[in-house]
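Please examine the sequence and the model displayed below. The paragraphs that follow lead from one chain to the other and then into selected details.

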Amino acid sequence: MTTDRSTSFDVRPPAYRPRMSLWWWLSKWSYLLFVLRELSSVFVAWFVVFLLLFVRAVYHGDDQYQDFLSWAANPFVVLVNMVALAFLLLHTVTWFGLTPQAVPARLRGRPVPSSMVVASQYVGWAAVSAFVFWLVVGW
Amino acid sequence: MMADSITLDVARYRPGQEAEPTLQSYDVPLRDDWVVLDGLNYVKDELDGTLSYRWSCRMGICGSCGMTVNGEPKLTCATFLTEYAPGPIRVEPLGNFPVLRDLVVDIDDFLDKLSRVKPWIVRDEAPVSEGEYLQTPEELEEFRQYSMCINCMLCYSACPVYGIDEEFVGPAAIALAQRYNLDSRDEGAADRLDVLIHPDGLWGCTFVGDCTRVCPKHVDPAGAIQRYKLTVAMDTLKSYLLPRGRR
């Protein structure tokens with residue numbers, strides 16, 4: 001005797017399909033941190049624009065440079081830059097932390113510990129910052 | 001003194017009778033050697049035989065008892081009741097999957113994706129008489145971590161990208177593709193590439209990283225995906241820059 005098994009398998013009661021809430025990123029701290037990290041790239045772009053405007057002002061002479069400085073001293077621009085700096089630090093710290101996961105570093109064939117990879121980035125950051133400080137302030 | 005019972009708020013879904021899951025409370029004994037799965041087995045055996053859920057080995061190997069415990073994807077065989085005392089503990093099905101009944105989810109989509117990345121050794125096999133394929137401990141170490149995956153799907157449950165777009169190939173499937181790509185005996189990387197470089201493959205991942213955080217076997221799927229992104233990007237760059245023979 002043969003039984004038609006296919007029909008008994010095909011008749012499935014309706015499954016419940018959960019839908020992601022629009023606010024899923026508020027449901028967990030790790031999700032929120034991820035969204036803030038992604039958002040930080042907007043502020044990185046803002047600093048690039050700010051720097052380009054600065055370079056342009058310098059190029060166009062003293063009047064433009066003074067205009068730029070007074071615009072940059074505007075409380076609103078200062079506030080935007082402070083928020084942007086906070087996001088830039090978040091961007092840097094989170095990406096430094098993620099680097100060892102994405103790039104398995106090796107030294108003479110042996111894997112380099114994650115902490116060493118992260119530490120080397122901070123050393124690099126400090127070195128570049130010191131150079132910029134020397135360049136701008138003179139000493 | 002520890003209380004002698006704890007409340008499990010368990011998601012119930014009876015297809016055809018209910019439009020969406022509801023919570024039902026059960027009091028189970030709180031013993032320090034009991035895991036959430038023991039609590040569910042107690043419910044099934046002593047309180048309510050209609051509760052449906054999956055389990056098998058009770059020792060973190062079979063990967064079938066994954067559920068959402070207090071909002072976090074967990075293997076219920078490795079999650080102790082005492083961690084949540086005094087309770088209550090909310091036990092729900094794995095997130096991001098269709099719920100068939102109570103705590104049982106539909107895993108067909110995952111199984112389909114898993115087979116698409118060919119998670120087995122692909123190679124033109126030589127006859128046995130030519131000997132085995134030797135591998136050094138260093139070569140084994142390249143992929144060993146990724147081979148620990150037990151297909152429990154906690155990573156899919158934790159992945160918001162998969163929750164928003166179910167076409168995304170997902171963490172475990174990509175990590176397992178890497179497990180075979182990095183195996184010195186395998187020759188199937190090119191076969192897997194088409195699935196992985198598709199927009200729903202590697203590049204769908206935005207590195208939220210929760211797959212790695214919830215993985216009970218420390219596979220680090222997020223790391224596997226980012227490393228593979230780097231490999232693919234470098235290969236593409238080399239294909240433009242290097243003469244054909246040097247690639």
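The domain assignment of chain A gives two parts, domain 1 (25-102) and domain 2 (110-139); such bounds come from an automatic or database domain assignment. Taken over C-alpha atoms, the centres of domain 1 of chain A and domain 2 of chain A are separated by 20 Å. Their contact takes four residues from domain 1 of chain A and five residues from domain 2 of chain A, where two residues are in contact if their C-beta atoms, placed from the backbone, lie within 7 Å. On the side of domain 1 of chain A that touches domain 2 of chain A there are two nonpolar, two polar and no charged residues. In this classification Ala, Val, Leu, Ile, Met, Phe, Trp, Tyr, Cys and Pro count as nonpolar, Asp, Glu, Lys and Arg as charged, and the others, Gly among them, as polar.

This is a predicted model, in which local features need pLDDT of at least 70 and side-chain atom pairs count only at pLDDT 80 or more, while totals for chains, interfaces and linings use all residues. Residues are numbered from 1 along each chain as its sequence is written, and chains are lettered from A and ligands numbered from 1 in the order in which they are written.

The contact between the chains takes 16 residues from chain A and 24 residues from chain B. On the side of chain A that touches chain B, α2 (29-59) and α4 (75-102) of chain A each supply at least two residues. Helices (H or I, at least four residues) and strands (E, at least two) are DSSP runs, numbered from the N terminus. By class, this side of chain A has 13 nonpolar, two polar and one charged residue.

Chain B comprises nine helices and seven strands, and its C-alpha atoms fill a box of roughly 70 × 40 × 35 Å, taken along the principal axes. Of the 247 residues in chain B, 39% are buried; a residue is buried if 20 or more other C-beta atoms lie within 10 Å of its own, exposed if 12 or fewer, and partly exposed in between, with C-beta atoms placed from the backbone.

Chain B is also divided, into domain 1 (5-105) and domain 2 (108-246), with C-alpha centres 31 Å apart. Each of these two domains gives 13 residues to the contact. On the side of domain 1 of chain B that touches domain 2 of chain B, β3 (66-69) and β4 (72-75) of chain B are the elements that give two or more residues, and β4(B) gives the most, with three residues. This side divides into six nonpolar, six polar and one charged residue.

Strand β3(B) also pairs with β5(B) in the antiparallel sense over two bridges; strands pair if DSSP finds at least two bridges between them. Here B:Val69 has B:Val91 in β5(B) as its bridge partner. Strand β5 (residues 89-92) of chain B is joined by three bridges to β1 (residues 5-12) of chain B, and these two run parallel. B:Leu8 stands opposite B:Ile89 in β5(B).

Finally, consider helix α2 (residues 108-116) of chain B, whose buried residues are B:Phe110, B:Lys113 and B:Leu114. Seen down the axis of α2(B), these fall within an arc of 105 degrees, so they line one face of the helix; the arc is that of the directions from the helix axis to the C-beta atoms. They pack against α4 (154-158) and α6 (171-181) of chain B. The face of α2(B) turned away from the buried side carries the exposed residues B:Asp108, B:Asp112 and B:Ser115. Just after α2(B), B:Lys118 takes a positive phi of about 50 degrees.
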